[in-house]
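Notebook open, viewer open. I'm jotting down a few things I want to look up here, one spot at a time.

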Amino acid sequence: MFAMLTKIAKWALYLLSLALIINTLSHTFDGDLGWHLRFGAEITQGTFPYTDTYTWTFFGHNWTNHEWAGDILYWTLYNNLGYGALIAFTGLAVWLALILNIKNFSNNNPTIGAAVTVVLALALNFILTVRLAMLSALFFVLIILTLEKIEKKGYWYWPIIFWLWAAVHGSWILGFIIISIYLFSYL
């Protein structure tokens, strides 16, 4: 009976944490979201702009959007399901990053897991809004998961993770930083 109550409490906390993240996201708005959606719309209509048509200070200057895949994803969600879908998707990505991190370290080294979770939560706290940067936490944790499974050849996933991360947001360099930290710690 106690084991069942513990499972119920654990899942209730998981769902409550997801609800809190989505609630926080639903009360925020990122000023860059409009041009991300516009760029995603233009790509899905068959054009890929190489000049800035979004800002008045750099209008007409050469520019390449490095977040094109995230823009397509966000536009597709927004266009087909509305702003609520962006909130839910972003919230789910943040929540999944935190849950995967906790699960990864809970058996091996709960202290490190708690520390990484706190750092992720603090980093996300001041920018928690519907923006592509929120997906970076999930990619960050995926790199950590592959590093923890390095003996099982987890590094073969790195090109896929880094390609997706680089196409979604420019914070992909954090992956190389965490890999360097892990490699240095092994030395």
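This is a predicted model: local features need pLDDT of at least 70, side-chain atom pairs count only at pLDDT 80 or more; totals for chains, interfaces and linings use all residues.

Where does Thr129 lie? I found Thr129 in the loop between helix 5 (110–125) and helix 6.

I then listed what Thr129 touches, skipping residues up to four places away in sequence: Leu25, Thr28, Phe29, Asp30, Thr90 and Met134.

**Entry: the helix pair**

I moved on to helix 6 (residues 136–148) and helix 8 (residues 173–186). How do their axes cross? They come within 9 Å and cross at roughly 25°. Angles under 35 degrees count as roughly parallel, so I put helix 6 down as roughly parallel to helix 8. For handedness, I noted that helix 6 passes helix 8 in a right-handed crossing.

Which residues make the contact? From helix 6 I wrote down Phe140, Ile143, Ile144, Leu147 and Glu148. Across from them, helix 8 brings Leu174, Gly175, Ile178, Ile179, Tyr182 and Tyr186. Sorted by class, the contact of helix 6 with helix 8 has nine nonpolar residues, one polar and one charged.

**Entry: His66**

Then I looked up His66, which sits in the loop between helix 2 (33–44) and helix 3 (68–81). I checked its accessibility too: at 45% relative accessibility, His66 counts as partly exposed, because that class covers what falls between 20% and 50%.

What does His66 contact? Leaving out neighbours within four places in sequence, I get Ala166, Ala167, His169 and Gly170. I also picked up a polar contact of 3.4 Å joining the side chains of His66 and Glu67. As a distance check, I took His66 to Leu81: 15 residues apart in sequence and 25 Å apart in space, C-alpha to C-alpha.

**Entry: Ala69**

Last stop was Ala69, which I found in helix 3. How many residues separate Ala69 and Val168 in sequence? The count is 99, yet their C-alpha atoms are 5.2 Å apart in space. With neighbours within four places in sequence left aside, Ala69 is in contact with Ala167 and Val168.

Conventions:
Residues are numbered from 1 along each chain as its sequence is written. Side-chain values use heavy atoms; hydrogens and water are left out. Axes are lines fitted to C-alpha atoms, for helices over the stretch in contact, and angles run from 0 to 180 degrees between N-to-C directions. Helices (H or I, at least four residues) and strands (E, at least two) are DSSP runs, numbered from the N terminus. Angles under 35 degrees count as roughly parallel, over 145 as roughly antiparallel, 65 to 115 as roughly perpendicular and the rest as oblique. A crossing is left-handed if the near helix is turned anticlockwise from the far one by less than a right angle, and right-handed if clockwise. Contact means heavy atoms within 4.5 Å. Ala, Val, Leu, Ile, Met, Phe, Trp, Tyr, Cys and Pro count as nonpolar, Asp, Glu, Lys and Arg as charged, and the others, Gly among them, as polar. Buried means under 20% relative accessible area, exposed over 50%, partly exposed in between (1.4 Å probe, protein chains only). A polar contact is a pair of N or O atoms within 3.5 Å; within protein, one must be able to donate a hydrogen and the other to accept it, and residues adjacent in sequence count only if both atoms are side-chain atoms.
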